[in-house]
Amino acid sequence: MKLYKLYFFLIIASPVLAQQKYPFQDTNLDTEKRITNLLSLMTLDEKIAALSTNPSVPRLGVKGTGHVEGLHGLALGGPAAWGGKGKEPVPTTTFPQAYGLGEMWDTELLQKIANVEAIETRYAYQHYNRGGLVVRAPNADLARDPRWGRTEESYGEDAFFNGTMTVAFVKGLQGNDSKYWQTAALMKHFLANSNEDGRTYTSSDFDERLWREYYSVPFRMGVIEGGSRAYMAAYNKVNGIPAMVHPMLKDITVKEWGQNGIICTDGGAFKLLLSDHKYYPDPYLGAAAAIKAGINQFLDDYKDGVYGAIANGYLKEKDIDEVLKGDYRVMIKLGMLDASDANPYAAIGTAKDAIDPWLTDTHKKLALEATQKSIVLLKNDPSKQLLPIDRAEVKRIAVIGPRADEVLLDWYSGTPPYTITPLAGIKAKAGKDIEITYALNNADGKAATLAKNADLVIVLIGNHPWCDAGWAECPVPSNGKEAVDRQSITSEHEDLVKIAYQANPNTVAVIISSFPYAINWTQEHVPAIVHMTQNSQETGSALADVLFGDYNPAGRLTQTWVSDISDLPPLLDYNIRNGRTYMYFKGKPLYAFGFGLSYTTFAYKSIETNASTLSKDGNFTVNVTVANTGNRNGEEVIQLYVRHTNSKVDRPEKELKAFKRVFIKAGETKTVSLALSAKDLEYWNTKTQKFELEKDTIELQAGGASNAIILKKNITVN
C-alpha cells in the first residue's frame, strides 16, 4: 500500500510523471494487484456507485461497461425498447428464440451464433456508442414444465443438454483470445426459476441431490467448462431463502466452482426482499445480507440501503471491496482498463468505412441456417406424402392462420434489419407456377372456401410471444411470457386447423410457438405437422425451404410434449421425480424428448466402445454406426442415454449423456464417436458431500429420440 501511495504522490507532484499511468492501468501487473490498487484509490461513494451495472470511476479515468440482453441476438430495440426509451433502435441479427436454438441440437452452430452476437455487441458499443459488453445470456434455467411462461428462453428440460448448450453459447460470446473476452456472458437466473406466477415470493423446494444433479448443472457447466464469470440471481426463494441472499452464491458458485466475477440481482429484486419476500425488517439489513452473500451489481435502487447498512454497522467498506473485485475482474477481461491496441476486439466497428455486420450476407446466412436447423418435423404420414411439397402435383396452396403473415418478436428480442413472414417465404418459393391464396381466419367462411379450392392447405397457428397485452397480462389462456404462466396447454386456434382439414384433408399444420401444445386432434387427423419457434428474421425462408424440400428437417424436441395438462404435477412442485421430464414421466407423451422426423430414414447398425469398463476420472468413447437408408441426404441427431441398472440410489429411467447432429448422404453409412466421462455418471453423496462414482452396470442406449432407443450395450463401472 505504501508503494501505491508513493506512486500516486509522484504522479501528482511531477508534470513529467503526470502522464504516467496508475498501477491499475499497468497491463503487466497481476490482475489482483491492479484491482487492489484501483480500490485503494476509490472513495466510499465511488465504491457504492460502482455496485450498479456501471462500475465506472470517472475521477480515475475508469470507464466500465453495462449490460445488454442477448438470448437470441443482441437486443437494442424490439417490443421492450432495449435500445433505450425514445431512442432509435439499432437493428441486429435476430435468430430463433433460445427454445428454437436448442431444437437445433448443434453446439458448433450455436457457438457461431453467439460469436456473431458478440461481434454485433462490440460493434454497436464501439461504433454507435450503444449498449454494453456484459450480455445477459444464456438462460441456463431448465424448462421442467411447459406451463412456465418463460419456456421460450430455455434450451429445454434436460440438465446435461442445457449445460452443453450453455457452454457453447458462453464460449461463443466470450471468444477464444487467451487474454481478453469479446463480451462477457452473464447467465440467468440462478436458481430453479421456472414459475412466473408468484415468482417474487414463492419458494422452489427440492432436495440436495436434485440441487446438485439437476437444477444447478447448466450453471456449473457454464462456469467450469464454459468459463462464464457472471450470472444473475433469481427472484424466487430456494428452499425458503431468497436466491439473492442465499449462501449457495458464495459457498458453492464461488468457493467450489471458481466463479469470481459478477453476481447481480434481477431487476427490482432488492426491494422485493422486503415487499414480497418480507425477509428483512428494513432495507439496511437486506443490503448488507446481499453484499455479504456475494452480490456486486444491483439492478434497482440500492444506494440508501447500502449507506444505511454502513451507518448501522451491518456492513463494512472491506465487504464492498471484496465483492467489487469481481466486477473489475470482468472489466479487465473485457479490456476496459487497458489500451485498445492490446485488445484484438477493440478494433471492431472503429473503421470509418465499417459496414454494419447485421447487413452482411454472412450474418444473414447464419440466421437462415439456424432457423432451418431449428425446425422440427412432428408428423409426415407416408400414405399421404404431403411433405415435401410436390411441385408436379400441387398448383394451388391456401395459406391460413394468425401466424401466417407476421414475424412476432418477444420481450427479449432486438429489432431485426428485416423479416420474412411465412406467407412471403412460401410465395417466393412457390414461384409463378403455384398460386398462393391467404386467409387470416375463417371470417365469412373465407378460410374454408380457400382450403376447399386448394390442392394443399398450410395452417399456421401458435402463441403471441408477449401476448399483445400489458405487463403481467395474457388474455389468451394458452399464452405465457415473463410474469405470466400459461393456464392452458391446448391451442385456441386448433379449431381453425379442424375447419381447414374438414374442407381439405391435404392439410399441413405449422405450429409456430415458444412452448409445447397438446395438439391431440391435430396429431390424430392432420397428415403433416411442423414445429418452429418465433422471432427469426428468416422465419419464412427457412420454413419454405423445409416445406418444399430444399432443406431436409432434422430439428429435435428438447422438452416432453404431454397430451393433457392433467399429465403434469402441480406447477410449484419442483421435485421432478414426481413425474416431470422424460427422466421421470410415467405416461405416454404426445411427442417425446429428442423426437423429430426427416424426409429420409436412418438405420442404427451397431454400438461399440473402446473398453468394457470405466473407472474413476476416466473417459470412454462410444462409436455408433448409422446408415441413411432413404433416397435423400439428411441429418440425424444421434442421442446417447445411460441407465443405471444396479445403483444404490434412485436414478432416472434414463439420462442423456452425449449427442451429435450428423450429415449423412443417401445410402451412406457413418460411424460417429461420442465421448462419455466417468464424471457424467456420478451422483451426489449427501453424507460425504461430494460427487461419487459407484460400482455399477451401465446400459448404454443409442437412438434417434428418448423413446426410440435402437441399440443397447452394457459396460461395467469400477
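In which helix is T581 found? T581 is found in helix α20, which covers residues 581–584, where helices (H or I, at least four residues) and strands (E, at least two) are DSSP runs numbered from the N terminus. This is a predicted model, in which local features need pLDDT of at least 70 and side-chain atom pairs count only at pLDDT 80 or more, while totals for chains, interfaces and linings use all residues. Residues are numbered from 1 along each chain as its sequence is written, and side-chain values use heavy atoms, with hydrogens and water left out.

**Backbone angles and peptide bonds**

- Most residues other than glycine have a negative phi, and most peptide bonds are trans.
- T581 has a positive phi of about 65 degrees although it is not a glycine, and T581 is buried, with a relative accessible area of 4% (buried means under 20% relative accessible area, exposed over 50%, and partly exposed in between, with a 1.4 Å probe and protein chains only).
- N129 also has a positive phi, near 55 degrees, and is a residue other than glycine; N129 lies in the loop between α5 (107–127) and β2 (134–136), and with a relative accessible area of 57% N129 is exposed.
- K188 and H189 are joined by a cis peptide bond with an omega of about -5 degrees, and H189 is part of strand β4, residues 187–190.
- A cis peptide bond with an omega of about -5 degrees also joins L387 and P388, and P388 sits in the loop between β10 (376–380) and β11 (396–400).

**Residues in loops and their contacts**

- S514 lies in the loop between β14 (507–512) and α18 (520–525), and its relative accessible area of 0% makes S514 buried.
- The side chain of S514 makes a polar contact of 3.1 Å with the side chain of Q97 and another, of 3.4 Å, with the side chain of E152; a polar contact is a pair of N or O atoms within 3.5 Å, where, within protein, one must be able to donate a hydrogen and the other to accept it, and residues adjacent in sequence count only if both atoms are side-chain atoms.
- Leaving aside neighbours within four places in sequence, S514 is in contact (heavy atoms within 4.5 Å) with Q97, Y99, T151, E152, N463 and Q534.
- N479 is placed in the loop between β13 (456–461) and α17 (494–503), and N479 is buried, with a relative accessible area of 6%.
- A polar atom of the side chain of N479 lies 3.4 Å from the backbone nitrogen of H464, and the residues that N479 touches, not counting those up to four places away in sequence, include N463, H464, F515 and Y517.
- K179 lies in the loop between α6 (159–174) and β3 (184–185), and K179 counts as partly exposed at 37% relative accessibility.
- Not counting residues up to four places away in sequence, K179 touches T27 and K333, whereas the C-alpha atoms of K179 and P55, 124 residues apart along the chain, are separated by 21 Å.

- Helix α14 (residues 361–374) has 14 residues and reaches 20 Å from its first C-alpha to its last, close to the 20 Å expected at 1.5 Å a residue, where the expected span is 1.5 Å times one less than the number of residues.
- Among the buried residues of α14 are H363, L366, A367 and A370.

**Enclosed space**

- A search of the whole structure finds 2 cavities of 30 Å³ or more; on a 1 Å grid over the protein atoms alone, a cavity is a set of points where a 1.4 Å probe fits but cannot get out, a pocket is an open set with protein on both sides within 12 Å along at least five of seven lines, and lining residues have an atom within 4 Å of a point.
- The largest cavity has a volume of about 70 Å³, where grid points are joined across faces, edges and corners and a volume is the space filled by probe spheres set on the points.
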